[in-house]
Amino acid sequence: MKRKCVYAGTFDPPTTGHEKVIENCLKIFDEVVVAVLVNPEKKPYFTESERVLLLKALYPDEKRVKVRVFCGAAVDLLEEENTAFYVRGIRNTVDFEYENANFFASKKLKKDFVSIYFPAEQEDLHISSTLVRNSIRFKKDYSKYIPEKILKVFNEILEKRDV
C-alpha cells in the first residue's frame, strides 16, 4: 500500500521552512500532496496560481510531490486524497497550541486523522511567509528565506508586479 500524506497551507509564499517540511515528508512517505489552501478570510499577497507555480518549481522532477489547490476543511482534503496523515510544521509553542487544537477538532470529524508535526530547526525558527512579505514591503533582502531552486521564478513574479 502506498503511504501518502497531505501538507496543506497558505504558502504565501513558500519558504525554506516549507521546503524542509516537504523534504522530511519525502523521507517517510511515497507521495506528498502539497495543498495550497484557499481561505476566504485571508487576502494573500500571491495569487493561487503563483503559489502553485512556485511549489511546482520547487519539485519539477519529483513525481512523488503533487501540488493542488483546496478550499475547505482539512478532513475533507484527506478524504479526497484517501489518506489519514496530515503534516504540520511547528516553529514554537504558539504553532503547537494552534495545531493541537485543530487536531482535536479534526479527530472528532475523522476518527483515523493523524497529525504529524515536524519541528523547525533552531536556525529556522524565525522564518515565515509573513517575514518574506514584510521584507518585500520594506525592500529588505528576503533571498535567504526563499528556496534557492525557486528564487529566479519568485523574483520574476515580483518584477511583473513592479515591486
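# Exercises on a predicted model

Strand E2, residues 31-37, is mostly covered, with six of its seven residues buried. Keep in mind as you work that this is a predicted model.

**Exercise 1. Find out which strand E2 is joined to by six bridges, and how the two run.**

Step one: look at strand E1, residues 4-9. Six bridges join E1 to E2, and the two strands run parallel.

Step two: pick out one pair. Take Ala8 and look across to E2, where the bridge partner is Ala35.

**Exercise 2. Check the length of helix H4 (residues 93-109), then sort out which of its residues are buried and which are exposed.**

Step one: do the length check. H4 has 17 residues, and at 1.5 Å a residue they should span 24 Å. The C-alpha atoms at its ends are 24 Å apart, so the two agree.

Step two: list the buried residues. In H4 these are Asp95, Glu99, Asn100, Phe103 and Ser106. They sit on the same side of H4, because they cover an arc of only 130 degrees around the axis. Here's the general idea: an α-helix has 3.6 residues a turn, so residues three or four places apart point the same way.

Step three: turn to the other side of H4. There you'll find Thr93, Val94, Glu97, Tyr98 and Lys108 exposed.

Step four: ask what does the covering. Over the buried residues of H4 lie, among others, helix H3 (74-81), strand E4 (85-90) and strand E5 (114-119).

Step five: look at the start of H4. A side-chain oxygen of Asn92 comes to within 3.1 Å of the backbone nitrogen of Val94.

**Exercise 3. Decide whether Ser135 is buried or exposed, and say what it touches.**

Ser135 is part of helix H5, residues 129-137.

Step two: read the accessibility. Ser135 has 7%, so it counts as buried.

Step three: list the contacts. Leaving out residues up to four places away in sequence, Ser135 touches Lys140, Asp141, Tyr142 and Tyr145.

Technical notes
Residues are numbered from 1 along each chain as its sequence is written. This is a predicted model: local features need pLDDT of at least 70, side-chain atom pairs count only at pLDDT 80 or more; totals for chains, interfaces and linings use all residues. Side-chain values use heavy atoms; hydrogens and water are left out. Helices (H or I, at least four residues) and strands (E, at least two) are DSSP runs, numbered from the N terminus. The expected span of a helix is 1.5 Å times one less than its number of residues. Buried means under 20% relative accessible area, exposed over 50%, partly exposed in between (1.4 Å probe, protein chains only). The arc is that of the directions from the helix axis to the C-beta atoms. Contact means heavy atoms within 4.5 Å. A polar contact is a pair of N or O atoms within 3.5 Å; within protein, one must be able to donate a hydrogen and the other to accept it, and residues adjacent in sequence count only if both atoms are side-chain atoms. Two strands pair if DSSP finds at least two bridges between them.
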